[in-house]
Amino acid sequence: MGTTVIKIGGSIADDVRALAAEIAGGLAGASGRNERFVVVHGGAAKTTEIAEKLGKPQKFVESPGGFRSRFTDKESMEIFVMVTCGLVNKRLVEQMLQAGVNALGMSGADCGIVRAKRKDMLRVVENGKEKILRGDYSGKVEAVNALLLHKLLDAGVVPVIAPVALSNENELVSMDGDRGAASVAGAMKAERLIIFTDVDGFFRNFPNDLVREIRGAKELDAAMEVAKGGMKKKLLAAREALDAGVGEIVIANARVERPLANALNGEKRTVVRK
């Protein structure tokens, strides 16, 4: 009985009914074997939208390595928790339940399922110069309680995890959804990690040259050199999942007719393997 960790990007979380129906079928053995699923989701876009409505424009920064992220001060963290653990998480749970999936919404902080080291300060590049920003509440995942997640799966539950973790000081911190999903997949010794987004996979020159397969760390590093925006972070997550022993990482589009079937066997996807 294989375990698949599914990452659902925040940009597609409003409508995952087709995916939810396929998850229900996998749980029931429609694929020929009973599957076990853990879902991790994002929510950055919805957080930004609501934060602006609340009069708190969000600040985005770029690391020296070229990765873009949100600077999450205390007030931004409160909005992030409200949106991702509340609105986004419960909408996903609603759609899962409507499809017949016994979904349990939670955050990574609940029961300390996901532990992360709070970064506190970020090293960023602004106007070509490096600087330090303090007061950040983002975290880098250090530990996942895989035993508890496996017990939930044994009980027939599908965990739906919002991207909030617990720091070593028991503070709520944000975590990157893609990298958090990679950590969960590695800790659970998952058969595969599927990262669902709103494009077909990694393109060398978007929207042309879809890369259907990446083999090994060297090819993956080369892909990261040309990747831009959120795809660069997804490839980093794939690298971390590979290093943690996950056998296969798939980046695929959730907006197609049968997203799970396409991610597993379709033509329009990017598969990363050792």
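## Contact between α2 and α3

In this predicted model, in which local features need pLDDT of at least 70, side-chain atom pairs count only at pLDDT 80 or more, and totals for chains, interfaces and linings use all residues, Lys 46, Thr 47, Ile 50 and Ala 51 of helix α2 meet Ile 79, Phe 80, Met 82, Val 83, Thr 84, Leu 87, Val 88 and Arg 91 of helix α3. Contact here means heavy atoms within 4.5 Å. The residues of this contact divide into eight nonpolar, two polar and two charged; Ala, Val, Leu, Ile, Met, Phe, Trp, Tyr, Cys and Pro count as nonpolar, Asp, Glu, Lys and Arg as charged, and the others, Gly among them, as polar. Residues are numbered from 1 along each chain as its sequence is written, and side-chain values use heavy atoms, with hydrogens and water left out.

Helix α3 spans residues 74–98, and its axis comes within 9 Å of that of α2, the two crossing at roughly 125 degrees. Axes are lines fitted to C-alpha atoms, for helices over the stretch in contact, and angles run from 0 to 180 degrees between N-to-C directions. The angle makes α2 oblique to α3, a class left over once angles under 35 degrees (roughly parallel), over 145 (roughly antiparallel) and 65 to 115 (roughly perpendicular) are set aside. The crossing of α2 and α3 is right-handed, the near helix being turned clockwise from the far one by less than a right angle.

Helix α2 covers residues 44–53 and holds both Glu 49 and Lys 46, three residues apart, about one turn of the helix. Helices (H or I, at least four residues) and strands (E, at least two) are DSSP runs, numbered from the N terminus. The side chains of Glu 49 and Lys 46 form a salt bridge of 3.4 Å, N to O, the term denoting a side-chain nitrogen of Lys or Arg within 4 Å of a carboxyl oxygen of Asp or Glu. Glu 49 also forms a salt bridge with Lys 53, at 3.3 Å, N to O; these two residues are four apart in α2, again about one turn of the helix.

Buried means under 20% relative accessible area, exposed over 50%, and partly exposed in between (1.4 Å probe, protein chains only).

## Salt-bridge network

The whole structure contains 23 salt bridges. A network of them links Glu 191, Arg 192, Glu 213, Arg 215, Glu 248 and Arg 273. Within it, the side chains of Glu 191 and Arg 192 meet at 3.3 Å, N to O. Glu 191 is partly exposed, with 32% relative accessibility, whereas Arg 192 is buried, with 10%.

Lys 7 belongs to strand β1, residues 3–8, and is buried, with a relative accessible area of 4%. Leaving aside residues up to four places away in sequence, Lys 7 touches Val 40, His 41, Gly 42, Gly 177, Asp 178, Ala 181, Ile 194, Ile 195 and Phe 196.

Arg 239 lies in helix α7, residues 229–243, and counts as partly exposed at 22% relative accessibility. With residues up to four places away in sequence not counted, Arg 239 touches Ala 217, Leu 220 and Asp 221. The C-alpha atoms of Arg 239 and Ala 182 are separated by 8.7 Å, although the residues are 57 apart along the chain.
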